[in-house]
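Please look over the sequence and structure shown here before reading on.

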Amino acid sequence: MLIEYDEIPQVAMDFMNEVHKEDIDLINAIFKHILAYDGSEKSAAAIDNLYTQWIDHTVIHFQNEEIKMQEMHFPPYLAHKGEHDRALQEMRDLFTHWQQYRDIKVLKIYFIETLPAWLHNHISTMDTVTARFFATGQSACGG
Ligand SMILES: [Fe+2]
Ligand SMILES: [Fe+2]
């Protein structure tokens, strides 16, 4: 298991916590296949399939947060959306690289060193503050 549920903080909105759980499930499933990769087309295709599902899931995950931020006129909307866009682009770039070169080491480094730290940081900062605003209509600075 790359990421355990209890490593990721709960935020003040259940719909976000549910999506984060699904995200962790997908990431763990991809990582399992990364570790089991044997260089065959079949095992590359298994990674491709899950990675594509993960990108699709992430698009919806981010969009649903962004729609609610806009509906509620969340002041730092652009900062949060900017971080979503950057992370999604990074996921897509990595996938393109993987499909082109089948370099499992690059995937391993990203999944071990980059992704869990990013997810933890994003959820414990931006998502936490945003969910509190959704739940109370208040931002942390009282605005
Ligand atoms: Fe999120
Ligand atoms: Fe977010």
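What follows describes a predicted model, taking the metal sites, the nonpolar core and the salt bridges in turn.

## The iron ion (ligand 1)

The iron ion (ligand 1) is coordinated by four residues: His20 and His61 through NE2, Glu65 through OE and Asp127 through OD. The distances run from 1.9 to 2.3 Å. Along the sequence, these donor residues follow the spacing H-x40-H-x3-E-x61-D.

The angles subtended by the four donor atoms range from 83 to 158 degrees, so the arrangement around the iron ion (ligand 1) is irregular. For comparison, ideal angles are 109.5 degrees for four tetrahedral donors. The tetrahedral class would need all angles to lie between 85 and 135 degrees.

His61 and Glu65 are four residues apart in helix α2, which means that about one helical turn separates them. His61 counts as buried because its relative accessibility is 5%, under the 20% cut-off.

## The iron ion (ligand 2)

The iron ion (ligand 2) has Glu65 (OE), His80 (NE2), His84 (NE2), His122 (NE2) and Asp127 (OD) as its coordinating residues, at 2.2 Å. The spacing of these donors in sequence is E-x14-H-x3-H-x37-H-x4-D.

His80 is buried, with a relative accessible area of 1%. His84 is buried as well, at 0% relative accessibility.

Glu65 has its place in helix α2, which spans residues 41-71. Its relative accessibility is 1%, so Glu65 counts as buried.

Although buried, Glu65 has no salt bridge. Lys81 is the nearest side chain of opposite charge, and Lys81 is 11 Å away. With neighbours within four places in sequence left aside, the contacts of Glu65 are Met16, His20, His80, His84, His122, Asp127 and Phe134. Among these contacts, His20 and Asp127 also coordinate the iron ion (ligand 1), while His80, His84, His122 and Asp127 coordinate the iron ion (ligand 2).

## The nonpolar core

The largest nonpolar core contains 40 residues, and the members that touch the most others are Tyr51, Trp54, Leu107 and Phe111. Helices α1 (14-36), α2, α3 (77-101) and α4 (104-136) each contribute at least two residues to this core. The largest share, eleven residues, is from α4.

Leu107 gives an example of the packing in this core. Leaving aside neighbours within four places in sequence, Leu107 is in contact with Ile34, Ile47, Tyr51, Leu94 and Trp98.

## Salt bridges between segments

How many salt bridges does the model contain? The count comes to five. One of them joins the side chains of Arg102 and Asp48, with an N to O distance of 2.9 Å. Arg102 is in the loop between α3 and α4 and Asp48 is in helix α2, so this pair ties together parts that are 54 residues apart in sequence. Arg102 counts as partly exposed, at 24% relative accessibility, whereas Asp48 is buried, with a relative accessible area of 14%.

Lys81 forms a salt bridge with Glu66, and their closest N and O atoms are 3.8 Å apart. Lys81 lies in helix α3 and Glu66 in helix α2, so the pair ties together parts that are 15 residues apart in sequence. Lys81 is partly exposed, with a relative accessible area of 23%, while Glu66 counts as buried at 10%. Glu66 and Lys81 are linked with Asp85 in a network of salt bridges.

Another salt bridge brings together the side chains of Arg86 and Glu90, at 3.5 Å from N to O. Both residues lie in helix α3, four residues apart, about one turn of the helix. Are Arg86 and Glu90 buried or partly exposed? Arg86 is partly exposed, with a relative accessible area of 37%. Glu90 also counts as partly exposed, at 28% relative accessibility.

Key
Residues are numbered from 1 along each chain as its sequence is written. Chains are lettered from A and ligands numbered from 1 in the order in which they are written. This is a predicted model: local features need pLDDT of at least 70, side-chain atom pairs count only at pLDDT 80 or more; totals for chains, interfaces and linings use all residues. Side-chain values use heavy atoms; hydrogens and water are left out. Buried means under 20% relative accessible area, exposed over 50%, partly exposed in between (1.4 Å probe, protein chains only). Lys and Arg count as positive and Asp and Glu as negative; His and the chain ends are not counted. A salt bridge is a side-chain nitrogen of Lys or Arg within 4 Å of a carboxyl oxygen of Asp or Glu. Contact means heavy atoms within 4.5 Å. Donors are N, O and S atoms within 2.8 Å of the metal (3.2 Å for Na, K and Ca); water is not among the atoms, so sites may look incomplete. Four donors count as tetrahedral if all angles lie between 85 and 135 degrees; four count as square planar and six as octahedral if opposite donors are over 155 degrees apart and all others between 65 and 115; anything else is irregular. A nonpolar core is a set of buried Ala, Val, Leu, Ile, Met, Phe, Trp, Tyr and Cys residues joined through side-chain atoms within 4.5 Å.
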